[in-house]
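Me: I would like to learn how to read aromatic contacts in a model. Could you take me through them step by step?

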Amino acid sequence: MDDQHESIDLRSPTVDPSAAAGHSWFPGPPPPMYSCTLTPELVHKAREELQEKPEWRLRDVQALRDMILKEQPNLRTRLDDGFLLRFLRARKFDYDRALQLLLNYHAGRKAWPEVFKDLKPSTVKHVLDLGFLTVLPQPDPDGRYILSLRPGKWKPNDYPFVDNVRAIYLTLEKLIQPEETQVNGIVILADYSGVGMSQASNPGPFLAKKVVSILQDGFPIRIKAVNIINEPRIFKGIFAIIKPFLKEKMAERYILHGSDLRSLHRNVPRSVLPEEYGGTAGQLDLSPWSRVLLDCEEEFVVEFCQPDPLEGVVLPDSMLFEGRQASGQDDDAFRGLRSQLYYCY
């Protein structure tokens with residue numbers, strides 16, 4: 001078994017520590033050798049919410065590592081403590097569910113090559129420059145970073161929608177590095193100002209399902225809330241396409257505020273929001289997060305611009321990302337949405 005894994009680098013990717021220079025508001029990359037960086041408060045939170053016991057932490061990591069080596073000997077994946085902890089925390093230290101999440105994580109890359117091929121920050125600079133997404137500099141009072149999405153900034157003639165997915169995925173990969181995020185999770189703030197018929201009808205149900213599947217079942221991050229603001233009338237049609245793919249718990253975390261900023265402020269305090277959303281944290285500035293990502297080019301080249309990690313791995317037919325086509329019911333819902341769009345516009 002050891003021979004089958006001799007070409008795998010078990011450590012985290014080696015990157016230049018100076019890559020974090022210039023954006024001290026966001027933690028730098030983790031060290032190659034794991035050392036817990038959680039505060040006593042977060043250690044307690046992890047114990048209460050994630051069933052993480054500090055005295056058993058490395059034993060649990062070793063148990064997951066042994067499962068991978070035994071059950072998936074051909075899987076080329078990182079096996080370092082810090083990396084595997086992400087999956088254990090995301091599944092509350094359930095070994096079987098953590099292993100399934102790891103397999104989904106890698107299977108997503110195989111099923112969606114147009115997203116993951118040559119995935120590095122420089123290839124999504126145009127998305128960052130356009131303002132489709134950013135991360136607000138200040139976390140909320142629960143320590144959760146806020147991923148800000150503005151779908152209305154994108155027009156189908158600008159570039160393929162899949163480029164937005166690439167930018168989201170790179171952002172999530174960076175956000176999940178700090179242990180604080182692994183414990184606290186993140187919050188999404190989606191501003192639908194300017195979303196019209198062209199954006200709403202693109203992507204279709206199959207693409208929407210793949211995006212939801214990756215976020216929900218294929219990535220080791222805890223999405224604690226999705227705040228939707230300035231949603232147009234057609235958003236009900238958009239959400240009707242997405243909702244069947246959401247687990248009940250995730251669907252309950254969607255909060256629709258409309259144009260009511262007071263409603264938003266009851267969920268996200270003004271102190272961490274930019275002026276554009278009635279906050280007191282200054283004007284929305286895209287450059288800090290763009291610098292965070294673009295300064296980590298080498299890190300992502302090491303992580304993503306490598307051979308297929310699932311080459312030689314046999315996965316069951318029931319694997320999440322084997323890419324089923326949209327069902328007839330999905331197609332009917334999509335046609336219905338398009339009818340609503342033309343009616344509204």
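Reply: What follows is a short walk through the aromatic contacts of this predicted model.

Me: How is a pair of aromatic rings described?

Reply: A pair of aromatic rings is described by the distance of the centres and the angle of the planes.

Me: How many aromatic pairs does the structure hold?

Reply: There are 14 aromatic pairs in the structure. One of them joins Trp25 and Phe26: the ring centres are 5.8 Å apart and the planes stand at 65°, so this pair is edge-to-face. The cut-off used here is over 60 degrees between the planes.

Me: Are Trp25 and Phe26 buried or partly exposed?

Reply: Trp25 is partly exposed, because its relative accessibility is 23%. Phe26 has a relative accessible area of 2%, so this residue is buried.

Me: Which geometry does the pair of Phe87 and Tyr105 have?

Reply: Phe87 and Tyr105 are also paired edge-to-face, at 5.3 Å centre to centre with 80° between the planes. This pair links distant parts of the chain, with Phe87 in helix α3 (residues 81–90) and Tyr105 in helix α4 (residues 95–111), 18 residues apart. Phe87 is buried because its relative accessibility is 1%, and Tyr105 is buried at a relative accessible area of 2%.

Me: Which residues form one aromatic cluster with Phe87 and Tyr105?

Reply: The cluster is made up of Phe83, Phe87, Tyr105, Phe116, Tyr169 and Phe219.

Me: Where does the charged end of Arg59 sit?

Reply: The charged end of Arg59 lies over the ring of Trp56, 4.5 Å from the ring centre.

Technical notes:
Residues numbered from 1 in each chain as written. Predicted model: local features only at pLDDT ≥ 70, side-chain atom pairs only at ≥ 80, totals over all residues. Heavy atoms only, no water. Phe/Tyr/Trp six-rings, centres within 6.5 Å; stacked < 30°, edge-to-face > 60°. Buried < 20%, exposed > 50% of the residue type's maximum accessible area, 1.4 Å probe, protein only. Helix = DSSP H or I, 4+ residues; strand = E, 2+ residues; numbered from the N terminus. Lys NZ or Arg CZ within 6 Å of the ring centre and 35° of its normal.
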